[in-house]
Amino acid sequence: MPQISNKGVSMPESPIRKLVPFAENAYKQGKTVYHLNIGQPDIKTPQIAMDAVRENSLDILAYSRSEGSEVYRQKIAKYYAKNDIHVKHDDIIVTTGGSEALLFAFGSVMDTNDEVIIPEPFYANYNGFSTASGVKVIPVISKIEDNFALPPIEEFEKLITPKTKAILICNPGNPTGYLYSEEEIKKLANIVKKHDLFLIADEVYREFAYDGATHRSILQEEGLEDYAIVIDSVSKRYSMCGARIGCLVSKNKEVITTALKFAQARLSPPTLAQIASEAALDTPQSYFDDVIVEYVKRRNVLIEELNKIEGVQVAKPKGAFYCIAQLPIKDSDAFAKWLLESFDVDGETVMVAPAAGFYSTPGVGLNQIRIAYVLNTEKLIKAVHIIKEALKVYKD
């Protein structure tokens, strides 16, 4: 029979989604499954966004412009200005989720066999985007013992070769919840300027910064205009994961011109979802204030409960709504499957994301899991209790 491509064979499975069949079987057995595995918030989407679609009177659901509606992009630019990020609407290309924005960025600045340096653990799909683009991930490891802080700049410089085209960060981070300081952003800015690299920042969790900390965008750095590319999305900000609307932002005109060619090749981002996303930009600040209070409460409860379990180590997130927990086991992939297949407490079990899939270095993160604290505190307490009871009887 015809052969599958090497690229297809090399595409990694999602550590977040590959266990879905096991969860479905657990449901068929009548079990309740607490989903700690995926960043799907239970926070309600702003009503203003839902109403914009419900009340729309379009007669034809037509294509939008390849770069997205001009009116929407102008409103995005105003949103950024409120966050002390000053860009023009033509510095923005609307994409089908942040995922497409990353693919456009990779395609625009990297060729086959080029290299991108990424602090790991990182969002698992960076591995997939790199494979799809023929790009090699060069990891620089951050450690749970250091709360996943940015590794020393010297570690980045050791990894730079003639093939290196970019450094990619997620800020605040998925899966660690790490929030980069202004000093760390400046260090990264200096290194990309010194070595003539792009700095790509996935900033989709910008609003979710805790404990009085503030988010620092790479677009706020003077002198970084030709180097900075931001990836953004409405998915988590407005609890609109299903809208599949994101954007690529850069003041580098060559990057935008090039990315637009990729955008034209896929025709346009979805029209109705842009209407919802445009309306969401009018969401009052009180919405985010309430959401942040809720996530801080959930984070604190989760960390407190995890710290009660003997042998568990957890890094305290500064932003986003994820954390990495290190368990007293050898293989979290096997543990995650076992939880769904063979374990429950009074008919209830937990679905977690094995953390090895958030690394590209083989053998790292095997005893770690990523937890998304997107459930209310009552459910989080129950879920951690199940993990605690499971660890008492689990055998590697």
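Where does arginine 244 lie? Select this residue to begin: arginine 244 is in the loop between β7 and β8. The model is predicted, so local features need pLDDT of at least 70 and side-chain atom pairs count only at pLDDT 80 or more, whereas totals for chains, interfaces and linings use all residues. Residues are numbered from 1 along each chain as its sequence is written, and side-chain values use heavy atoms, with hydrogens and water left out.

Remain at arginine 244. Its phi is near 55°, a positive value in a residue other than glycine. Arginine 244 counts as partly exposed, at 32% relative accessibility. In these terms, buried means under 20% relative accessible area, exposed over 50%, and partly exposed in between, with a 1.4 Å probe and protein chains only.

Next, select phenylalanine 148, found in the loop between β4 and α7 (153–159). Phenylalanine 148 also has a positive phi, near 65°. Its relative accessibility is 3%, and it counts as buried.

**The sheet**

Now display the strands. Seven of them form an open sheet in the order β2-β8-β7-β6-β5-β3-β4, with mixed pairing. Two strands pair if DSSP finds at least two bridges between them. At the edges stand β2 (92–95) and β4 (136–141); each has a single partner strand, so one side of each is left without a neighbour in the sheet. From one strand to the next, the twist averages 20°.

Select β5 and β6 together. β5 pairs with β6 (residues 198–202) in the parallel sense, over five bridges. Isoleucine 169 has alanine 201 of β6 as its bridge partner, and cysteine 170 has aspartate 202.

Which way do the residues of β6 point? Phe198, Ile200 and Asp202 point one way, Leu199 and Ala201 point the other way, and all are buried. β6 is thus mostly covered, with five of its five residues buried.

**Helices on the sheet**

Select helix α8 (residues 182–195). This helix packs on the sheet and touches β5 and β6, and its direction makes about 170° with that of β5. Contact means heavy atoms within 4.5 Å. Axes are lines fitted to C-alpha atoms, for helices over the stretch in contact, and angles run from 0 to 180 degrees between N-to-C directions.

**Two cis peptide bonds**

Follow the chain into the loop between β5 and α8, where proline 172 and proline 175 are placed. A cis peptide bond joins asparagine 171 and proline 172, with omega about -5°. Another joins asparagine 174 and proline 175, with omega about 25°.

**The cavities**

How many cavities of 30 Å³ or more are there? The count comes to three. On a 1 Å grid over the protein atoms alone, a cavity is a set of points where a 1.4 Å probe fits but cannot get out, and lining residues have an atom within 4 Å of a point. Grid points are joined across faces, edges and corners, and a volume is the space filled by probe spheres set on the points.

The largest cavity holds about 130 Å³ of space. Select Pro119, Pro121, Cys170, Thr176 and Tyr180, the closest to its centre of the 17 lining residues. The elements that give two or more residues to this lining are β3 (115–120) and β5 (164–170), and β5 gives the most, with three. By class, the lining of the largest cavity has 13 nonpolar, four polar and no charged residues. Ala, Val, Leu, Ile, Met, Phe, Trp, Tyr, Cys and Pro count as nonpolar, Asp, Glu, Lys and Arg as charged, and the others, Gly among them, as polar.

The second largest cavity holds about 90 Å³. Of its 13 lining residues, select Tyr72, Ile76, Val234, Arg237 and Cys247, which lie nearest its centre. At least two lining residues each come from α4 (70–82), β7 (228–233) and β8 (246–249); α4 gives the most, with four. This lining has nine nonpolar, two polar and two charged residues.

**The last stop**

Finally, select proline 2, in the segment before α1 (6–10). Proline 2 is exposed, with a relative accessible area of 71%. The C-alpha atoms of proline 2 and asparagine 307 are separated by 52 Å, the two residues being 305 residues apart along the chain.

Conventions. On a 1 Å grid over the protein atoms alone, a cavity is a set of points where a 1.4 Å probe fits but cannot get out, and a pocket is an open set with protein on both sides within 12 Å along at least five of seven lines; lining residues have an atom within 4 Å of a point.
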